[in-house]
Amino acid sequence: MTERRSPTIRRRRLGAELRRRRESAGVTIEMVAEQLECSASKVSRIETGHTSATPRDVRDMLAIYGVEGAECDELVQIAREARQKGWWHPYSTVLTGAYVGLEAAAGSIRAYEQQVVPGLLQTEEYAKAMIRAARPDIPDDEVEQRVRVRLGRQSLLTQDDPIDLWVVLDEAVVSRPVGGDAVMRAQLERLVEAAELPNVTLQILPFEVGAHAGMDGTFAILDFPEAGDPDVVYAENATGGLFLEKNDELQKYIFIFDHIRAAAIHPEESVALIAKLAEEPLWKWRPRVSA
């Protein structure tokens with residue numbers, strides 16, 4: 001697989017490599033901060049990938065650890081790449097967290113969604129309706145920006161080295177007419193089209209399953225093709241979400257996803273159900289409940 005040059009994943013990889021070399025050298029963060037004449041929090045944020053390091057910072061840190069030559073040059077080059085701007089940079093004012101940058105470098109994504117169609121599979125009109133309903137406090141121009149970056153992300157499914165996407169949708173996702181009848185029908189048709197891609201798998205988790213392993217909330221498991229890039233879980237919430245990287249956390253969510261996947265309808269049957277709902281949607285015949 002061709003590696004996608006996501007600056008987010010390069011920054012994350014660089015931080016992990018710097019931390020590994022610092023620990024091998026028996027040097028503390030405080031010692032590094034003292035020699036670089038900076039704060040310990042800066043060094044920590046560089047190692048966790050939350051802050052970009054300049055090539056000068058990297059050379060100085062590696063000198064402290066006794067790393068030189070080709071190994072040093074390689075890490076300095078990663079630092080340069082990590083400081084480049086991703087295609088989504090112009091939309092940074094409407095993005096929260098580093099999810100888009102991590103998604104751009106992922107080899108595969110396994111996701112469970114309780115309420116809405118995932119952004120990689122949304123139509124433009126569905127995305128507008130969903131964002132406006134979820135964020136009634138933001139202006140129209142910000143809605144448009146959020147929709148543009150969401151649609152831009154969808155090229156990951158059809159580019160030369162597409163990601164593998166496996167999504168389990170709660171039945172509520174295909175039962176609620178976001179944006180009204182016409183918008184939701186078009187969205188269901190879009191799901192059917194996406195499921196025809198060889199790298200996309202869709203399943204529906206039906207109401208009749210009752211209580212299930214995913215009731216704690218929506219999440220996505222991002223797997224990366226490079227051995228040096230540890231997998232990560234993104235648990236979404238109203239303020240942007242939480243990234244979980246510890247191995248025990250990752251294994252817990254893999255366990256949860258496997259149970260959800262096993263409880264869901266088979267992919268072929270799921271796609272057939274979605275196609276049927278596009279023709280005969282549930283919201284057309286279910287009685288309205290008075291407020």
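This report looks at the protein chain as a whole and then at one of its strands, E1.

## Ground rules

You're looking at a predicted model, where local features need pLDDT of at least 70 and side-chain atom pairs count only at pLDDT 80 or more, while totals for chains, interfaces and linings use all residues. Residues are numbered from 1 along each chain as its sequence is written, and side-chain values use heavy atoms, with hydrogens and water left out.

## The whole chain

The protein chain has 12 helices and six strands. Both are DSSP runs numbered from the N terminus: helices (H or I) have at least four residues and strands (E) at least two. The C-alpha atoms fill a box of roughly 70 × 40 × 40 Å along the principal axes.

Of the 291 residues, 48% are buried, meaning under 20% relative accessible area with a 1.4 Å probe, protein chains only. Now for contacts (heavy atoms within 4.5 Å): among those between residues at least 6 apart in sequence, 75% join residues at least 24 apart.

## Zooming in on E1

How many of the six residues of strand E1 (residues 108–113) are buried? Six of the six, so E1 is largely enclosed by the rest of the structure. In a regular strand, side chains alternate between the two faces of the sheet. Here Ser108, Arg110 and Tyr112 are buried on one side, and Ile109, Ala111 and Glu113 are buried on the other.

## E1's neighbours

Two strands pair if DSSP finds at least two bridges between them. E1 runs parallel to strand E2 (residues 164–170), joined by six bridges; Ala111 has Val167 as its bridge partner there. With strand E4 (residues 219–223), E1 pairs in the antiparallel sense over five bridges, and Arg110 is partnered with Ile221.

Technical notes. Buried < 20%, exposed > 50% of the residue type's maximum accessible area, 1.4 Å probe, protein only.
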